[in-house]
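Work through the exercises below with the sequence and the structure at hand. Try each task before reading its solution.

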Amino acid sequence: MARPQKPSALPQRYAYGDHPSQFADLHLPPEGAAVDGVVVIVHGGYWRSTYGAELGTPLARDLVSRGYACWNLEYRRAGGGGGWPATFDDVAAGIDHLAIAAAENGLDLTRTTALGHSAGGHLAVWAAGREGLPAGSPGAGVPAVPLTAVVSQAGVLDLAAARDLGLSDGAVENLLGAPEDAVRYRLADPMTAVPLGVPVYAVHGKKDVTVPLAQSEAYVRVATEAGATAELVVVPGDHFAVITPGTKAWVAVVAQLERARAGRDGSRPAPEGAGRVPRGGRPS
């Protein structure tokens, strides 16, 4: 595997736009150590500006010790210049910008897994389906950095159900705006993008009261019925156990990342025509 060319005592910060929230921190193993696999970390916080990329820093530090390079992504959030479409534009552009960092540091992007917690799980799964988006919609087009797997940590993967439940005081409407814009809601919902051509591992704590376990259960059920590779991994603990290194839940998350890194993911090409029906409605 390629070796990083620069010291990694501190992460390298890359700006992919002019807004203060448009950046990502590249964490690398110590200089000279082999890099085996790249992880894009997408933090949660119900898409609100109250929470930021600092949530992903402990995860990046742990994963770097296991030989990964980590791209800890920040993005504009609701209340801080984000919402529709800015949040989605940022996640797409921020992941694509990893191609520049990889070229500068000799990183192999053959196995690039998105790791997203809560709202970040939603954004990570959404990003894996960008090629199926209709032209002109946020994030549409061929990504510069194709994701090869997604590990969702207590992800908000069924936006329609999350909206109906009013999770986190109406967080979905806070992100997307007026619910009468049905096209916008379909474009943003991972449930309407199945089947994806990459595996999705949904790790969820059995005691999670922040994002119901039913969110991951519903996504995995619909995805597998559609012929996609998706798996539910129920773990001990609450909503934050999956982002706390040292917990049994975190061990399970790492195990899924290892599967993706080793290629033991059971992935297969998407069924013919998959990803070609725009989530806005009619086939293209």
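## Exercise 1: Charges over rings

Task. Find the ring that lies under the charged end of arginine 261.

Solution. The model is a predicted one. Start at arginine 261: its charged end sits over the ring of tyrosine 68, 3.9 Å from the ring centre. Next, turn to arginine 13, whose charged end sits over the ring of phenylalanine 23, 3.9 Å from the centre of that ring.

## Exercise 2: Aromatic pairs

Task. State how many aromatic pairs the structure holds, and classify the pair of tyrosine 14 and tryptophan 71 as stacked, tilted or edge-to-face.

Solution. The structure holds four aromatic pairs. In the pair of tyrosine 14 and tryptophan 71, the ring centres are 5.6 Å apart and the planes stand at 50°, so this pair is tilted. Now locate the partners: tyrosine 14 belongs to strand E1 (residues 12-15) and tryptophan 71 to strand E4 (residues 69-73), so that the pair links distant parts of the chain, 57 residues apart. Tyrosine 14 and tryptophan 71 are both buried.

Solution. Phenylalanine 88 is in helix H2 and tryptophan 126 in helix H4 (residues 119-128), so the pair ties together parts 38 residues apart in sequence. Both phenylalanine 88 and tryptophan 126 are buried. Finally, ring pairs join Trp84, Phe88 and Trp126 into a cluster.

## Exercise 3: Helix H2 and its surroundings

Task. Decide how H2 and H3 are oriented to each other, and name the residues through which they meet.

Solution. The axes of H2 (residues 86-96) and H3 (residues 98-105) come within 4 Å and cross at roughly 15°. Angles under 35 degrees count as roughly parallel, and H2 and H3 are therefore roughly parallel to each other. Gly94, Ile95 and Asp96 of H2 meet Leu98, Ala99 and Ile100 of H3. Sorted by class, this contact has four nonpolar residues, one polar and one charged.

Task. How many of the 11 residues of H2 are buried?

Solution. Eight of the 11 are buried, so H2 is largely enclosed by the rest of the structure. The buried residues are Ala86, Thr87, Phe88, Asp90, Val91, Ala92, Gly94 and Ile95. These buried residues pack against several elements, among them strand E3 (38-42), helix H6 (167-176) and helix H7 (182-188).

## Exercise 4: Backbone angles

Task. Which peptide bond to proline 85 is cis, and where is this proline placed?

Solution. The cis bond runs from tryptophan 84 to proline 85, with omega near 0°. Proline 85 is in the loop between E4 and H2. A cis bond also runs from valine 194 to proline 195, with omega near 5°. Proline 195 is in the loop between H7 and strand E7 (200-205).

Task. Alanine 154 has a positive phi; is this residue buried or exposed?

Solution. Phi of alanine 154 is near 55°. The residue is in the loop between strand E6 (149-153) and helix H5 (159-165). Its relative accessibility is 0%, so alanine 154 counts as buried. Aspartate 169 also has a positive phi, of about 55°, although it is not a glycine. Aspartate 169 lies in helix H6 and is exposed, with a relative accessible area of 76%.

Terms used:
Residues are numbered from 1 along each chain as its sequence is written. This is a predicted model: local features need pLDDT of at least 70, side-chain atom pairs count only at pLDDT 80 or more; totals for chains, interfaces and linings use all residues. Side-chain values use heavy atoms; hydrogens and water are left out. Axes are lines fitted to C-alpha atoms, for helices over the stretch in contact, and angles run from 0 to 180 degrees between N-to-C directions. Helices (H or I, at least four residues) and strands (E, at least two) are DSSP runs, numbered from the N terminus. Angles under 35 degrees count as roughly parallel, over 145 as roughly antiparallel, 65 to 115 as roughly perpendicular and the rest as oblique. Contact means heavy atoms within 4.5 Å. Ala, Val, Leu, Ile, Met, Phe, Trp, Tyr, Cys and Pro count as nonpolar, Asp, Glu, Lys and Arg as charged, and the others, Gly among them, as polar. Rings of Phe, Tyr and Trp (its six-membered ring) pair if their centres lie within 6.5 Å; planes under 30 degrees apart count as stacked, over 60 as edge-to-face and the rest as tilted. Buried means under 20% relative accessible area, exposed over 50%, partly exposed in between (1.4 Å probe, protein chains only). A charge sits over a ring if NZ of Lys or CZ of Arg is within 6 Å of the ring centre and within 35 degrees of the ring normal.
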